[in-house]
Structures are given as structure tokens and as C-alpha cells.
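Q: I have a model open and would like to learn how to read its features one by one. Could we start with the aromatic rings and then move on to a charged side chain and a strand?

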Amino acid sequence: QVQLVESGGGLVQAGGSLRLSCAADERTFNNYVMGWFRQAPGKERAFVGSISRNGGSTDYADSVKGRFAISKENAKNTMYLQMNSLKPEDTAVYYCAARGVDDNKFHFWGQGTQVTVSS
């Protein structure tokens, strides 16, 4: 069973930083592509970024390139989203997600964690 549990959300001022964590079960962590999505109030869920199984490749939405970074820590089966230079428009519920290598959609989701950036 796929398990994804996010943590680390909170309230931060514009220009500040926050790191989100996604703890996964070992099988998911080692065999699935993992990613981050976000959903702002009144908007659809949007892709933030993803990381390959071995952590060697990442991909980001244009809106976060240069500010956000995704990494994996093998010893803890945990994926991170480091968010720097945060803006009020980054305010959203952030979701951890996973998909099979051959899937073109993310099918597995965490419960989400709220990030609020004040101006």
C-alpha cells in the first residue's frame, strides 16, 4: 500500500523559506517517481515539481524554477521540497504524489499540508 505523509507546512512572510517533507513507504520511495503539487483556493491542483527514482533528475514548473528545490533522503525514505524566496502567490495546500515510471499521471496522493505566505 502506498503511503505518503506530508509535513512542514505553516505560515511564513514573503521572502522567507520553508521546507516540506514527504515520508513514503520504502517500496514507493525506491520505485516510483515522486512529485509535489499545490492547490490554491479557487484554483485547480497544479504541478510544482518532480524527482526521479534515484534522485538524479528533477523537473520544475516555471513558476518555481530557481526558488524551489526537490531532494530525496534515502535513509529516511523522505522527499523534501525546499522553498525559498516565497511569495504570497505560493500560498496553497501542497500535496506529495507518486506515480509508476511508465505512468503519465500521478495516482497516489498524500493528505496535503497548508503553506501560507503573508505579504
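**Reading rings, a charge and a strand**

A: Gladly! Keep in mind that this is a predicted model. Taking ring centres within 6.5 Å as the rule for a pair, the count comes to four aromatic pairs.

Q: What geometry do the rings of phenylalanine 37 and phenylalanine 47 have?

A: A pair of aromatic rings is described by the distance of the centres and the angle of the planes. For phenylalanine 37 and phenylalanine 47, the centres are 5.6 Å apart and the planes stand at 75 degrees, so this pair is edge-to-face.

Q: Is phenylalanine 37 buried or exposed?

A: Relative accessibility tells you, and under 20% counts as buried. Phenylalanine 37 is buried because its value is 11%. Phenylalanine 47 has 29%, so it is partly exposed.

Q: Which parts of the chain does the pair of phenylalanine 37 and phenylalanine 106 tie together?

A: That pair is also an edge-to-face one, with 5.1 Å from centre to centre and 70 degrees between the planes. Phenylalanine 37 sits in strand S4, while phenylalanine 106 belongs to the loop between strand S9 (92-99) and strand S10 (108-109), so the pair joins parts 69 residues apart in sequence. Both phenylalanine 37 and phenylalanine 106 are buried.

Q: Now the charged side chain. Where is aspartate 25, and what is the nearest side chain of opposite charge?

A: Look in the loop between strand S3 (18-24) and helix H1 (26-31). Aspartate 25 is buried but has no salt bridge. The nearest side chain of opposite charge is arginine 27, 5.9 Å away, whereas a salt bridge would need the charged atoms within 4 Å.

Q: Which backbone atom lies 2.8 Å from a polar atom of the aspartate 25 side chain?

A: The backbone nitrogen of glutamine 3 does. Leaving out residues up to four places away in sequence, aspartate 25 touches Gln1, Val2 and Gln3.

Q: And which residues make up the covered face of strand S1?

A: In a regular strand the side chains alternate between the two faces of the sheet. In S1 (residues 4-7), Leu4 and Glu6 form the covered face, and Val5 and Ser7 the uncovered one. S1 pairs with S3 in the antiparallel sense over four bridges, and leucine 4 has alanine 24 of S3 as its bridge partner.

How values were computed. Residues are numbered from 1 along each chain as its sequence is written. This is a predicted model: local features need pLDDT of at least 70, side-chain atom pairs count only at pLDDT 80 or more; totals for chains, interfaces and linings use all residues. Side-chain values use heavy atoms; hydrogens and water are left out. Helices (H or I, at least four residues) and strands (E, at least two) are DSSP runs, numbered from the N terminus. Buried means under 20% relative accessible area, exposed over 50%, partly exposed in between (1.4 Å probe, protein chains only). Lys and Arg count as positive and Asp and Glu as negative; His and the chain ends are not counted. A polar contact is a pair of N or O atoms within 3.5 Å; within protein, one must be able to donate a hydrogen and the other to accept it, and residues adjacent in sequence count only if both atoms are side-chain atoms. Contact means heavy atoms within 4.5 Å. Two strands pair if DSSP finds at least two bridges between them. Rings of Phe, Tyr and Trp (its six-membered ring) pair if their centres lie within 6.5 Å; planes under 30 degrees apart count as stacked, over 60 as edge-to-face and the rest as tilted.
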